[in-house]
Amino acid sequence: HDERYFIDTLSGLLDDSIRLHMRSDLPLGAHLSGGLDSSSIVCLASRMLGGEQMKTFTGAFSEGPQFDETAYAKEVSSFAGTDYNEIYISGHTLPDILPKLMYYMDEPLAGPGAIPQYYVSQLASNHVKVVMGGQGGDELFIGYARYMAAYLEKCLSGAINQTAHQRRYAVSLESIVPNLPLLGTYQPMLQSLWRDGLFGPADERYFRLVDRSEGMSQLFNQESLRGTSNYSSFDSFQRIFNRPELHSLVNQMTYFDLKGSLPALLHVEDRTSMANSIESRVPLLDHRIVEFLATIPPNIKFSGGRVKHLFKESVRSAVPPNIFHRKDKMGFPTPLTQWTKGVARDFVRDTLLSDRARQRGLYHIPAVEQALSNEREFGRVVWGLLCLELWHCIFIDGDMKPSGI
């Protein structure tokens, strides 16, 4: 089949999945971030409502334009004719919301995106009982910048070593160059990736891109890690990434993200929605769409290194041009560093440097103090420590009950 066949088939599957996911005896709405995934769902669903107005829900932060996509969300809402609702989230709420999230999640969280997800779900619960979202779009349709970063390195290696003709190369250096501006804001990621190990084995290179531990082992007393020495996160990663039937790097990357990363994102989606007594639906993850994407050849699925190429073409006529051509999608970043060094500083330090935390014997306190002072923007070291300590307080110590629960 040619590319047109895959685009047309995907378009039909998307329409049918959204139609089925709109079945509800209760009021239904949708999350709307202003990115392509949620915007496509909102625009396609609005077409099917026959004039009935859908409610949409958007979250943002006041810490700067890099944390606020409401302008794009409002444009989509106007284009699709939805009832637009938004909430701005304050860092002053961190001492209250983070213990609640630890309680609802039952385990320490990987990323702070759960905070805006919770608040947007809370906003939606005031209006509807069922809400659709765009979860899974990046994993299914090759939407992360790290996919292009990995392929850029692979293309350079192929051009230098004259191996680009091999089957594993879905993208050539010549074809990827016009799409490299997507990496303009990801230069720190490239610098970190290429600092060492350049042109090494594919599994080692992609693991560097997805590994978010950031050297956190130094924050713990080595005695507390005794008994875990036989566990290797890289070994677990390899068992998924290196499946013999995955013959292309793009298939290895997306397969790992579907099996290793997406379940954690859906865990957060499920818990934050159910904590607010609403049902969350994810039409992009209809099993027919997932299975169909797995049949598409890599050189069509990731043609020229264009992220979300087939998905974009399948919804081209449904979304506003500004959304279709966006190259600055933020991914709902949370201004955690600003909060932990600003309005929530006392809460963070009181939690991680308390007598209870010191006596736990788990942390290397001097390293924790240094991390509190040196956390970089969008770093997750302090976040990981906070979640772990609050989880201990709630589920191991049993003497912290979050307010309102």
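Trainee: Let's start with V128: which loop does V128 lie in?
Mentor: Quick caveat: this is a predicted model, where local features need pLDDT of at least 70, side-chain atom pairs count only at pLDDT 80 or more, and totals for chains, interfaces and linings use all residues. Helices (H or I, at least four residues) and strands (E, at least two) are DSSP runs, numbered from the N terminus. On that numbering, V128 lies in the loop between α5 (114–125) and β4 (130–132).

Trainee: Is V128 buried or exposed?
Mentor: Buried means under 20% relative accessible area, exposed over 50%, and partly exposed in between (1.4 Å probe, protein chains only). V128 has a relative accessible area of 2%, so the label is buried.

Trainee: What separates the C-alpha atoms of V128 and F332?
Mentor: Along the chain, V128 and F332 are 204 residues apart.

Trainee: How much space lies in the largest cavity?
Mentor: On a 1 Å grid over the protein atoms alone, a cavity is a set of points where a 1.4 Å probe fits but cannot get out, whereas a pocket is an open set with protein on both sides within 12 Å along at least five of seven lines; lining residues have an atom within 4 Å of a point. Grid points are joined across faces, edges and corners, and a volume is the space filled by probe spheres set on the points. The structure holds one cavity of 30 Å³ or more. The space in the largest cavity is about 30 Å³.

Trainee: Which helix gives the most to the lining of the largest cavity?
Mentor: The lining consists of F141, I142, L293, K301, K308, H309, L310 and F311. By class that's five nonpolar, one polar and two charged residues (Ala, Val, Leu, Ile, Met, Phe, Trp, Tyr, Cys and Pro count as nonpolar, Asp, Glu, Lys and Arg as charged, and the others, Gly among them, as polar). The most, three residues, comes from helix α15 (residues 309–315).

Trainee: What about the second largest pocket: which element gives the largest share of its lining?
Mentor: That pocket has a volume of about 320 Å³. Of its 16 lining residues, the closest to the centre are T254, Y255, L258, A294 and K301. Elements giving two or more residues are α6, α12 and α13 (287–293). The largest share, five residues, comes from α12.

Trainee: How many salt bridges are there?
Mentor: The rule asks for a side-chain nitrogen of Lys or Arg within 4 Å of a carboxyl oxygen of Asp or Glu. By this rule, the count of salt bridges comes to 21.

Trainee: Which residue forms a salt bridge with R288?
Mentor: R288 is in helix α13 and its partner in helix α1 (residues 3–21), so the pair ties together parts that are 272 residues apart in sequence. R288 is partly exposed at a relative accessible area of 26%. The closest N and O atoms are 2.7 Å apart, and the partner is D16.

Trainee: Which residues does the network with R356 and R360 join?
Mentor: R356 forms a salt bridge with D397, the closest N and O atoms being 3.8 Å apart. That pair links helix α19 (residues 355–359) with helix α21 (residues 381–397). The side chains of R360 and D397 also meet in a salt bridge, at 2.9 Å from N to O. Bridges that share partners give one network of R356, R360, E389, D397 and D399.

Notes:
Residues numbered from 1 in each chain as written. Heavy atoms only, no water.
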